[in-house]
Amino acid sequence: MILVTGSAGFIGANFVLDWFAQGEESVISLDKLTYAGNLENLASLKGDPRHIFVRGDIGDAELVGQLLRQYCPRAIINFAAESHVDRSIHGPEDFIRTNIVGTFHLLEAVRAYWSGLADAEKDGFRFLHVSTDEVYGSLAKDEPAFSETHRYEPNSPYSASKAASDHLVRAYHHTYGLPVLTTNCSNNYGPYHFPEKLIPLMIVNALAGKPLPVYGDGQQIRDWLYVKDHCSAIRCVLAKGRLGEVYNIGGWNEKANLDIVHTVCTLLDELRPRTDSKSYREQIVFVTDRPGHDRRYAIDARKIERELGWKPAETFDTGIRKTVRWYLDNQGWVGNVQSGSYRQWVEKNYAGRG
Ligand code: NAD
Ligand code: TYD
């Protein structure tokens, strides 16, 4: 079996659901269930004996050690993190606690378990750390996309904390020989995406008749990947990745934020037109920019394609259509995640942006 951390969040949940769609190997899920963790994402696995869910913190080395000894997983996929840049600007401490200190405690527990394994199990064991392209910093318009050897230049408390965790993972390989793999992926989108992030926020606000807040001039560029393609890339790195290596994952889909918002509006105009027949674009408002806002991210995904034969299956056009349809078909899920704490966050982040 494998141990998946952060499995009740956006990408972790998609990963676990896709894992069972591909095979029979069991999964232990470890998730703290922060505001971003939602067991409803895994509801279809209720009663499935292949899936064991444990609520807990990756920073609780005792709990992690106990789970490792009890279930003897052959691999760990570490998704658990605080993941939202704007939240890291308002309050960096949770990011330091989970992304840096939590990853450190997780690595310590894994190292203790792995050192005690018999040689054959030791060789087959994998610790796959899921990271982000944001650790590489911001690109100018004409600079080449991030390769795996691009220097680390994180600019937000979020990306700095992820960069620190990447360095720890690397050090545990070089110092202790822990069999690690690291993936750095671009912006994901798709089902179960918490509506504090750009694409789901725009869909949810549009349908609710609320403003669509575009930061600054909306010309910041992100490189978008459909979440299921990220999951297939991780399965591929887990199966075939070379130990200690880093693999960048991306969709070759660079888009300006304003173009993303326009695309979402166009799809909603087609699939769920406003009752007054006007376009959802009427709801776009330009608001004060994010402090330290990175201008452009772009991933050079040639290494994973060349070495492991992975390529994304979705184009942006097919992926964004599936995503908008998923939100239209899952309004109950949207309603349930919009709890009191969600509303407080929206007030805090958008108040005073003008
Ligand atoms: P998310 O915020 O939706 O989910 C994070 C999950 O981790 C939640 O279920 C939360 O409860 C859990 N968690 C948080 N702190 C924990 C702790 N201390 N112990 C155990 N569980 C904890 O995030 P996501 O978008 O699914 O991202 C998953 C991973 O992928 C993160 O490491 C993130 O940095 C990385 N990543 C995300 C993107 C993206 O576009 N979303 C892109 C590249 C990389
Ligand atoms: P986000 O989804 O928070 O991802 P990240 O900051 O990790 O790339 O934001 C994606 C882009 O969208 C980013 O450039 C910030 C911008 N953005 C807005 O313009 N308005 C919003 O309300 C949000 C949440 C993001």
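Okay, housekeeping. This is a predicted model, where local features need pLDDT of at least 70, side-chain atom pairs count only at pLDDT 80 or more, and totals for chains, interfaces and linings use all residues. Residues are numbered from 1 along each chain as its sequence is written, chains are lettered from A and ligands numbered from 1 in the order in which they are written, and side-chain values use heavy atoms, with hydrogens and water left out.

Let's start with asparagine 14. You'll find asparagine 14 in helix 1, residues 10–22; helices here are DSSP runs of H or I with at least four residues, strands are E runs of at least two, and both are numbered from the N terminus. So is asparagine 14 buried or exposed? It's buried, because its relative accessibility comes out at 1%. For the cut-offs, buried is under 20% relative accessible area, exposed is over 50%, and partly exposed is in between, using a 1.4 Å probe and protein chains only.

What does asparagine 14 touch, if we leave aside neighbours within four places in sequence? The answer is Pro191, Tyr192, Val227, Lys228 and Cys231, with contact meaning heavy atoms within 4.5 Å. There's also a polar atom of the asparagine 14 side chain sitting 2.9 Å from the backbone oxygen of phenylalanine 10.

Now, salt bridges. How many does the structure hold? There are 22, counting a side-chain nitrogen of Lys or Arg within 4 Å of a carboxyl oxygen of Asp or Glu.

One of them pairs lysine 32 with aspartate 57, at 3.5 Å from N to O. These two are 25 residues apart: lysine 32 is in the loop between strand 2 (27–31) and strand 3 (51–55), while aspartate 57 is in the loop between strand 3 and helix 2 (61–71). Lysine 32 is partly exposed at 38%, and aspartate 57 is partly exposed at 24%.

Next up, arginine 353 and aspartate 86, whose closest N and O atoms are 3.8 Å apart.

Last one: arginine 242 and glutamate 245, with 3.6 Å between the closest N and O atoms. Through shared partners, salt bridges join Arg242, Glu245, Lys303 and Glu307 into one network. Arginine 242 is partly exposed at 43%, and glutamate 245 is partly exposed at 21%.

Note on methods. A polar contact is a pair of N or O atoms within 3.5 Å; within protein, one must be able to donate a hydrogen and the other to accept it, and residues adjacent in sequence count only if both atoms are side-chain atoms.
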